[in-house]
Amino acid sequence: MYKTLIYDFDGTIGDTLPICIAAFKKAVTPFLDRDISNEEIVSTFGPSEEGTIQALIPDHFDEGIHAYWQAYKELQYMAPKAFDGIQQLLDDTARAGFQNILVTGKARTSADISLEQYGLTKDFKMILTGSPKRT
């Protein structure tokens, strides 16, 4: 019998994609001297946020990733809670003896920020996060 449940983050636990896109825009636009489209940002997805910053502003990585984390944290109001029923589902499955595991393309920093925002920091037995490199 299976005793592990694996969850993705965005679109399953909460709607953090709009936060990601807004944070990327806020972080990289000052270094590009132009507006960047949602499509340009999404085309870099695959790696974690570090990989996206590296792809968009490689000469300003340190400043860009710092600006991204700051913006991502500030923009949590855009999706202030997990989807309805998620906490109950995690509680019920844990009580039933399942291990809840989170697997996400997010970096650990953004996953932790959103899990804290949602009050879910202790609900996953394991959290596997994305890599800055495209694999």
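These legends describe close-up views of a predicted model.

**View 1. Tyr 7 and Phe 124 form an edge-to-face aromatic pair.** The ring centres lie 5.9 Å apart, with 75 degrees between the planes. Tyr 7 belongs to strand S1 (residues 4–7). Phe 124 sits in the loop between helix H6 (108–118) and strand S3 (126–128). The pair therefore ties together parts that are 117 residues apart in sequence. Tyr 7 is buried, at 8% relative accessible area. Phe 124 is buried too, with a relative accessible area of 8%.

**View 2. Tyr 68 and Trp 69 pair edge-to-face.** Their ring centres are 5.3 Å apart. The planes meet at 70 degrees, and over 60 counts as edge-to-face, so the pair falls in that class. Tyr 68 is buried, with a relative accessible area of 0%. Trp 69 has 18% relative accessibility. The cut-off for buried is under 20%, so Trp 69 counts as buried.

**View 3. Five residues form one aromatic cluster: Phe 24, Phe 45, Tyr 68, Trp 69 and Tyr 72.** The Tyr 68 and Trp 69 pair of the previous view belongs here. The model holds 6 aromatic pairs in total.

**View 4. Two lysines sit over phenylalanine rings.** The charged end of Lys 3 is placed over the ring of Phe 98, 5.1 Å from the ring centre. Lys 106 lies over the face of Phe 9. Here the distance to the ring centre is 5.6 Å.

**View 5. Asp 33 has a positive phi.** The angle is near 60 degrees, in a residue other than glycine. Asp 33 is found in the loop that runs between helix H1 (17–32) and helix H2 (38–42). Is this residue buried or exposed? Asp 33 is exposed, with a relative accessible area of 73%.

**View 6. The largest pocket holds about 240 Å³ of space.** Its lining is made up of 15 residues. Cys 20, Phe 45, Pro 47, Gly 105 and Lys 106 lie nearest the pocket centre. Phe 45 is also a member of the aromatic cluster, and Lys 106 is the residue over the face of Phe 9. Which elements give two or more residues to the lining? They are H1 and helix H3 (49–56). H1 gives the most, with 3 residues. By residue class, the lining divides into 5 nonpolar, 6 polar and 4 charged.

Technical notes: Residues are numbered from 1 along each chain as its sequence is written. This is a predicted model: local features need pLDDT of at least 70, side-chain atom pairs count only at pLDDT 80 or more; totals for chains, interfaces and linings use all residues. Side-chain values use heavy atoms; hydrogens and water are left out. Rings of Phe, Tyr and Trp (its six-membered ring) pair if their centres lie within 6.5 Å; planes under 30 degrees apart count as stacked, over 60 as edge-to-face and the rest as tilted. Helices (H or I, at least four residues) and strands (E, at least two) are DSSP runs, numbered from the N terminus. Buried means under 20% relative accessible area, exposed over 50%, partly exposed in between (1.4 Å probe, protein chains only). A charge sits over a ring if NZ of Lys or CZ of Arg is within 6 Å of the ring centre and within 35 degrees of the ring normal. On a 1 Å grid over the protein atoms alone, a cavity is a set of points where a 1.4 Å probe fits but cannot get out, and a pocket is an open set with protein on both sides within 12 Å along at least five of seven lines; lining residues have an atom within 4 Å of a point. Grid points are joined across faces, edges and corners, and a volume is the space filled by probe spheres set on the points. Ala, Val, Leu, Ile, Met, Phe, Trp, Tyr, Cys and Pro count as nonpolar, Asp, Glu, Lys and Arg as charged, and the others, Gly among them, as polar.
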